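Visitor: I would like to go through the salt bridges of this model with you.
Guide: Go ahead; keep in mind that the model is predicted.

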Amino acid sequence: MGSLFVVLWGSTVSSYAIEVQPTTEQIQAQVERGKLAAGQGVSPDQLHAWFGATEDLAPRGFIMTKLGSLLVMANHLALRALSPTEQDIAQVLANEHVLVNVVLYGDRVNFAADSYIVLEQAGRTVKPSTVRFDARGDRTTAWPQQPAYRAKVIAQFAYAELDPRAKTTLTVFPSRGGQVSFELDFSRIE
């Protein structure tokens, strides 16, 4: 796998950085945005902070922060005529990790097994708290041609280890070599 560099495209609401301790106003704004999006028929996956390629069969992913999680949860519940409870919101805010979900494409069913993810911020490597991966990929629409398989690699990074305003390089290292990298601007992620 070669190296792929892309810039994060953000949501339509401006944010100055990943918020580690969101304010009451920010929390309420995200809940309202989620409800409004549901009223417009927007699905929760369209509200993620996506990065990577826009074309099919090319690496991409999303980041879930506290505010991003609130937005998606409020949307998901509003689509079912429900609202997040105070307990739901408190549970999201108690999470001390940013979740990164990357979809990769490869030539064999187990290409993503034992993959690893790191972040680079201003010359400093940030290691994940946890990494999970699909041991077996799913067939793509190109199968049996290449790329024949799609798999996810998911990592969690502690907020305490991150600079929430930094330009960041996210790199995934599949176990059999190569890498896929994404250039992210954390100052543009909610």
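Visitor: How far apart are the closest N and O atoms of Asp107 and Arg108?
Guide: A salt bridge requires a side-chain nitrogen of Lys or Arg within 4 Å of a carboxyl oxygen of Asp or Glu. Asp107 and Arg108 form such a pair, and their closest N and O atoms lie at 3.3 Å.

Visitor: Is Arg108 buried or partly exposed?
Guide: Buried means under 20% relative accessible area, and exposed means over 50%. Asp107 has 48% and counts as partly exposed. Arg108 has a relative accessible area of 22%, so the class is partly exposed.

Visitor: Which residue forms a salt bridge with Lys167?
Guide: Lys167 lies in strand E9 (residues 167-173), and its partner is in strand E10, 18 residues apart. The closest N and O atoms are 3.1 Å apart, and the partner is Asp185.

Visitor: Is Asp185 buried or exposed?
Guide: Lys167 is exposed, at 62% relative accessibility. The relative accessible area of Asp185 is 12%, and the cut-off for burial is under 20%. Asp185 is therefore buried.

Visitor: Where does the salt-bridge partner of Glu190 lie?
Guide: Glu190 pairs with Arg33, with 2.7 Å between the closest N and O atoms. The two belong to distant parts of the chain, 157 residues apart: Glu190 is in the segment after strand E10 (180-185), and Arg33 is in helix H1 (residues 24-39).

Visitor: What is the relative accessibility of Arg33?
Guide: Glu190 is buried, with a relative accessible area of 12%. Arg33 also counts as buried, because its value is under the 20% cut-off. For Arg33 that value is 18%.

Notes. Residues numbered from 1 in each chain as written. Predicted model: local features only at pLDDT ≥ 70, side-chain atom pairs only at ≥ 80, totals over all residues. Heavy atoms only, no water. Helix = DSSP H or I, 4+ residues; strand = E, 2+ residues; numbered from the N terminus. Buried < 20%, exposed > 50% of the residue type's maximum accessible area, 1.4 Å probe, protein only.
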